[in-house]
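The following explanation is intended for a reader meeting this structure for the first time. Please keep the sequence and the 3D view at hand.

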Amino acid sequence: MKVAIIGIGTVGAAVATAVKNTGLVHEIVLFDRDNLRSRAAAEDLGHAVAFSWDVKITAVNNYRGIRGCEIVIIAAGANQKPGQTRTDLLAANASVIADIIPRVMANVDSKNVKIIVVTNPLDVMVMLAQKISKLPAARVIGTGTMLDSARLRTILSRQLSVSPQSINAYVLGEHGDSSFVNWTSVSVGAIPLDDFCRQTKSPLSCAARATIERRVQNAAYEIIQGRGATWDGIAGAVADLLRCIINDECRIMTVSTVMGAGRDSVAISLPRIVGANGVVTTLNPKMDRTENAKLRRTTKIIRDNFVRLQKSYKA
């Protein structure tokens with residue numbers, strides 16, 4: 001498997017390391033407009049290969065170098081700075097995506113390639129990438145709320161004193177401030193959350209759940225405040241998504257992909273089965289009235305942002 005990563009900044013470099021550490025690819029192509037940076041990253045990561053999997057690491061600054069890649073990961077664009085929301089990056093990163101996607105498509109096999117989008121604001125960038133590439137929506141995939149859901153499971157595991165691998169819990173909607181926890185469908189070891197809390201005498205009040213939801217939503221802001229950017233978590237999410245595609249695992253992930261058509265189309269994170277050809281099926285989890293209202297709200301925010309983008313920029 002030959003994989004390309006476009007944009008070798010902090011996030012792209014972390015993604016490259018995580019992808020290399022899966023042991024599932026034979027070549028990683030690092031593309032960046034700054035050829036010095038991509039060559040330095042390739043050299044550094046190439047040295048790490050001596051301690052792990054034998055992977056060919058190539059640095060390029062011409063899109064011809066990505067020919068033969070079956071998966072292209074888009075990590076280019078501006079990152080959030082302290083005080084910024086993901087939506088603040090809309091115009092700047094739309095220009096980046098609009099420049100990259102046609103160049104990528106001119107050098108890959110459109111019948112087979114899968115594009116993974118990491119650039120924020122994630123869901124709108126997925127919509128833009130899918131529109132420009134003209135690929136089936138199933139093969140233009142954003143990491144969506146994979147990381148948000150991982151944060152939720154991690155926080156819950158600490159609260160409930162149980163492994164996060166035993167927790168089935170998802171954050172849905174936008175990869176952004178309007179995301180929400182699907183509390184209705186949370187289970188621990190196949191036991192509904194409320195039943196688990198009763199059996200283990202681990203009460204989780206409405207106030208505690210609201211606090212957990214805020215912590216999940218604010219996690220990126222806190223990391224950016226202390227570290228300047230987030231990169232390890234999202235790199236892990238990309239590597240996990242890549243593993244699922246390469247191995248055709250058909251696992252359920254809260255990835256973002258375009259659904260619907262015309263004015264009703266939107267890219268949003270819901271539980272989806274993901275396999276070798278990308279998204280196989282979108283699932284509709286059980287939600288209460290409040291969660292359904294939150295889903296409608298987050299959908300409207302994403303769609304409105306895309307409409308606003310189209311008005312200010314010819315996509």
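The paragraphs below treat strands and helices in turn.

The model is predicted, so local features need pLDDT of at least 70, side-chain atom pairs count only at pLDDT 80 or more, and totals for chains, interfaces and linings use all residues. Residues are numbered from 1 along each chain as its sequence is written, and side-chain values use heavy atoms, with hydrogens and water left out. Helices (H or I, at least four residues) and strands (E, at least two) are DSSP runs, numbered from the N terminus.

Strand 2 (residues 27-31) and strand 3 (residues 56-60) run parallel and are joined by five bridges; two strands pair if DSSP finds at least two bridges between them. Val-29 has Thr-58 of strand 3 as its bridge partner.

A second topic is the packing of two helices. Helix 3 (residues 90-105) and helix 4 (residues 122-133) pack at about 30°, their axes 9 Å apart. Axes are lines fitted to C-alpha atoms, for helices over the stretch in contact, and angles run from 0 to 180 degrees between N-to-C directions. The two helices, helix 3 and helix 4, are therefore roughly parallel to each other (angles under 35 degrees count as roughly parallel, over 145 as roughly antiparallel, 65 to 115 as roughly perpendicular and the rest as oblique).

Strand 7 is joined to strand 10 (residues 187-188) by two bridges, and Asn-168 stands opposite Ser-187 in strand 10.
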